Amino acid sequence: MARSRSGTRGRRGPRKPQRRETGAAVAAVQVADPRERGAIELPSTISVKELADLLDVNPADVIRELIKSGIFATINQLIDRDTASLVASELGYEVAEPATTGVAQGTEREVEQPASEATKEVLFDEDQASDLLPRAPIVTVMGHVDHGKTSLLDAIRTTEVAAGERGGITQHIGASEVVKDGRRLVFLDTPGHEAFTAMRARGAKVTDIAVVVVAADDGVMPQTLEAIDHARAAKVPIVIALNKIDKPDANPDRVKNELAEADVVIEEYGGDVPLVPVSAKTGTGLDDLLEVTLLVADLQDLKANPKRSAVGTIVEAQLDKGRGPVATALVQTGTLRVGDIIVVGSTFGRVRALENDKGKRITKAGPSTAAVVLGLADVPEAGDILRVVHDDKEARAMVEQHKSAQSARAGDGSGRATLEDLYRQIQAGQTKELRIILKADVSGSLGAISHALSQLSTDEVRINVIHEGAGDITDNDVLLAAASDAIVVGFNTKLVDTARRTAEAEGVDVRSYDIIYKLTDDIDAALKGLLEPEIVEVVEGRAEVRQIFRVGKNTVIAGCFVTEGRITRAGARVWRGGKVIATDRIESLRRFRDDVREVAANLECGIGLANFNDLAEGDIIESFTSQTISRVATA
């Protein structure tokens, strides 16, 4: 059939188009008349409209060919070179092979390495010294709630925009860049040490410097100490930002002394931790904070190789209805380019587009650059490692290998420290340190337990309490343990429900005790390979008491609603106000008028305990069973 737009030519016949102006991507490859050049050259990515302009056909023709291949694209959607090449071939054009060294005349793309070298997996420390160039520091801001983390970041960005940077922050991508005296700093917009540690738990080590914000009027608080411990566990240099110095009740000297009591000795007191007084409200000290942060970065001599294939970490990711999986990647070494094939955890894809923190399209992202990546098949998880590979075959192989490794770890329980495995690891020379997260009901118990544990250190293994605190065992404690290969030890304290699920998912060993000597005996026995069999309680489910029924003088039946898991005729623990008030067993379990063995979640039931009758509305009845686990370690 003839096409009215291109003259009278067949579907695959010779074409006599008139030369037309094209979009920026088309101009970049300097398309010539196919009659003169013989084969057309395509960029790594091109929009449907630009491809139609390049081929001098109606965009509907391009869309029709894409639909035949199962691709439903809009006129402005980007497609990769392979797809565009297929469409061009179907429309009767010969497509030139992409160059492996050099590029088409007129492009701005840098000369690339041969594929065999560019996609070779190289570890960070295997780069040639001559290829390493200075890179920007990656900074995480942490601290106690309400001490001004978000305000400080906003103030730094506002100063940056006011200083003349074009664009400003137009979208939240999980990271933002600031320029100070011509040098870049990348700030990770994490909610705090929870997100920081969650990424470390997944194997991501992205932060170079931790800025810990402390309010001058409030002082060192529990979350301040947590942030400091988390930064130390990650072996990241700390800078203290003493915020709110403009407030009338600010007391910097008190804060400095409290920091010293927490073993954070600032430079003014002869230590090595910089402290910068700032005010996010007035802008005081912000320039000083950036200068000090850059100085700390200089001491680390941060470098990366921009010439190699990119390796980075996913900061955050989500599913966008209009654009599909969208992920923010922080490139740590190498250069990520549009058109690259990438593997990220359990998914892969081709980079369809890149956007910077200002929301602008970019063609590449070098070391210490955060960019929004479009083109992945599925949504990755924060902390997943991004790698550029040679082709789809290699990408699929790496994804399968990643999934197999995950299944293997889930199957054998390896990868995390446990007391059962400790002796074997010591004998094999795999560990020299037992890291512990210690939580207790009151702060007075912490010192005694820490001292007792320190006495157990031997020549073979040292006991290191990397974080301690009063209160419940939380998600954050479990994530820090996962990131640091530590175990969690609780004394007279509760493991919250979400933390229990996190511990199960991450494979973290959590131990609870109510007698100090039993705690220390277990640790000592683990070091000697003499652990006794352990009776482990498995929580089956929980039910909330909604109504109380009294039967006779001494019998009480609780009308309950099962909120989680299942309730069985087993052991029972009664919680009230966040504390255990009784441990008993479920003697009767009824559903309407029937005696039953178990009741599932979201159903009502009647529960009668064997001995405890002082139940009240709002109590939580926890059903549990006991299992015996062998704890004898072998070399």
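**Close-up views of a predicted model**

With a relative accessibility of 2%, Glu622 counts as buried, where buried means under 20% relative accessible area, exposed means over 50% and partly exposed lies in between (1.4 Å probe, protein chains only). This is a predicted model, in which local features need pLDDT of at least 70 and side-chain atom pairs count only at pLDDT 80 or more, while totals for chains, interfaces and linings use all residues. Residues are numbered from 1 along each chain as its sequence is written, and side-chain values use heavy atoms, with hydrogens and water left out.

**Close-up of the salt bridge between Arg573 and Glu622**. The side chains of these two residues meet at 2.5 Å, N to O, a salt bridge being a side-chain nitrogen of Lys or Arg within 4 Å of a carboxyl oxygen of Asp or Glu. The pair links distant parts of the chain, since Arg573 belongs to strand 26 (residues 571-576) and Glu622 to strand 31 (residues 620-629), 49 residues apart. Helices (H or I, at least four residues) and strands (E, at least two) are DSSP runs, numbered from the N terminus. Arg573, with 12% relative accessibility, also counts as buried.

**Close-up of the salt bridge between Arg323 and Glu355**. Here the N to O distance is 2.7 Å, and the partners lie 32 residues apart, with Arg323 in the loop between strand 11 (311-320) and strand 12 (324-333) and Glu355 in strand 15 (residues 347-355). Arg323 is partly exposed, at a relative accessible area of 29%, whereas Glu355 is buried, at 8%.

**Close-up of strand 12 and the strands that pair with it**. Strand 11 and strand 12 form a hairpin with three residues between them, and nine bridges join these two antiparallel strands; two strands pair if DSSP finds at least two bridges between them. Within this pairing, Leu319 has Pro325 of strand 12 as its bridge partner. Strand 12 also pairs with strand 18 (residues 369-376), again in the antiparallel sense, over six bridges, and there Thr328 stands opposite Val372. Strand 12 is mostly covered, with 10 of its 10 residues buried.

Eight bridges join strand 20 (residues 433-440) to strand 21, and the two run parallel, with Ala440 standing opposite Ala470 of strand 21.

**Close-up of the salt bridge between Arg546 and Glu544**. The side chains of this pair meet at 3.6 Å, N to O. Arg546 counts as partly exposed at 43% relative accessibility, and Glu544 counts as partly exposed at 26%.
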